[in-house]
Number of protein chains: 2
Amino acid sequence: MKKIKLRVPATVANLVCGFDILGMAIHEPYDEMEFKLLDTPEIIIKHKDSFDLPEDPSKNVAGIVLLKIQENLQLTNGFEVTIHKHIKPGSGLGSSAASAAGAALGANALLGNILSKDEMVHFAMFGEELASGVRHADNIAPCIYGGITLVKSTTPIDIIPLNAPDLFVTAVHPQVEVKTSDSRQILKKSISLKSAVEQWGNIAGLVAGIQKNDIPLIGRSLNDVIIEPVRSILIPKFDEIKKESLAMGALGGGISGSGPSIFMLSETKETAEKIAVLMKTIYDKINIESYVYVSKINPIGIEVIEENL
Amino acid sequence: MKKIKLRVPATVANLVCGFDILGMAIHEPYDEMEFKLLDTPEIIIKHKDSFDLPEDPSKNVAGIVLLKIQENLQLTNGFEVTIHKHIKPGSGLGSSAASAAGAALGANALLGNILSKDEMVHFAMFGEELASGVRHADNIAPCIYGGITLVKSTTPIDIIPLNAPDLFVTAVHPQVEVKTSDSRQILKKSISLKSAVEQWGNIAGLVAGIQKNDIPLIGRSLNDVIIEPVRSILIPKFDEIKKESLAMGALGGGISGSGPSIFMLSETKETAEKIAVLMKTIYDKINIESYVYVSKINPIGIEVIEENL
């Protein structure tokens, strides 16, 4: 029986000034997904975790992606998927994108790699639609492509893979709930042209810095004058964590996705680990449980860890 | 006597979606500037052209730059500059920036190259201030650095040189007056977040395309949803010229600076020249005199054509 096991990474969308366009894959946390190709047309979803996610394929993020692939490709085969989810739903670290992108890539591998990356993105977006009502690729794109990606458009799909600078990422997930819907509603519908120009100068600088591997330029460009000042008020201790992280040597950082996770980029593992301790300490003090992850920017995205094809 | 002769190129600021941040040097049109280092502290400006520009150094764009350099460096020397201006003032092709940047680079060469590029930009901005009231570097930066530049900040000066893709530029200067002040006042002070996100996706795509030398990506990103729809109404036949140029194979283009010049980028000289004929024909039909220039993106900026140092 054809089978494959994947390591599917967390992702950081809305990369500081790159609201709605830039996303980044990291190494930690990650989900594990095991796929079997079935001779019968069933889609079977098994969750080996404690998040109580639905196992009915039409209500499951991975399941809906597999159903769409099966339908679109008129397959007589089915799939069994066992998901060990470690990326917590609602963390802002791309939990639903991991299930969706993992499903698309796993099915594709079992079918002999007949889909392009953009076709996998296309199918995976049905999972995001189920999870949040929006067919976006902000997290799916870096999960499938690896590194840092620019989602220039989803209709048609136009994903631009950028370089993956050799930087460390510290991410903290405080156990508070920030609803994506609240996080979106709080945004102003109009902004000043002056702020917009400042923002696009930073975006241009960030993309140039990533492509030129100019780390100080990346640092100078990690500045969001539009979204972060509004959204960060929903995240306890955001300002303190950011200020202290920068003082410790972080290049910059911000809200991961629509929160509540926060991430910081650093040039060295030492700095990234110091920042991890700082983040945990700050949340411990106010009795908010938190999970902290340190890893590098992930240039690969989803990785195959076992296969029998 | 130390002397130097420079070829100082026209520049295109506000590069489509890169309003206020991206500029590009071209080869045609260009000014010629001849400098002599004087033993006496005079600043002498001579204009060998028909634009009736002031020759009093404190009222002349090149003159004010030389005065500032002289004052700041406490020079006992002076300069004589003869300017053959071919870039028409008010064209939107960086005429004042050419005088200002040329003055900074010419003086620097005569003084033994003691200034950095950013210091030259600093001094040249006094010329732009005299010309337009604003100390901007949108045209000065590409004139001094060459190629395409990102002006991330002017306080402090933070110029990021980008690559210069191997593309042809067609620029047309219709003989109509568009005042920079009108062109600025017509802009909306606030814009929708939705348009801003679309714009910064295009900017990110354009910078990525330039750095990756991905010409189709550059083409897909040359799209300004904020400034052009408003400003282009001040420029006769803008929409027709753009539409027809794209139909002829242009990658994209838009308003040069704040107009009235229009530019288009093409992959081949043949396409660029066809577009030149098109532009001229369209303006001839409505009895607007126009000047058309075809050249490549200029990777060097200002060039020394004669020197005796």
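Start by colouring chain A by domain: select 3-162 + 298-308 for domain 1 and 168-296 for domain 2, bounds that come from an automatic or database domain assignment. You're looking at a predicted model, where local features need pLDDT of at least 70, side-chain atom pairs count only at pLDDT 80 or more, and totals for chains, interfaces and linings use all residues. Residues are numbered from 1 along each chain as its sequence is written, chains are lettered from A and ligands numbered from 1 in the order in which they are written, and side-chain values use heavy atoms, with hydrogens and water left out.

Now select the contacts (heavy atoms within 4.5 Å): 26 residues of domain 1 of chain A meet 35 of domain 2 of chain A.

Together the two domains of chain A bury about 2300 Å², with carbon and sulfur atoms giving 70% of that; buried area here is the accessible area (1.4 Å probe) lost when the two parts are put together, summed over both.

Last stop: the side of domain 1 of chain A that touches domain 2 of chain A, whose residues divide into 14 nonpolar, 9 polar and 3 charged. Nonpolar covers Ala, Val, Leu, Ile, Met, Phe, Trp, Tyr, Cys and Pro, charged means Asp, Glu, Lys and Arg, and the others, Gly among them, are polar.
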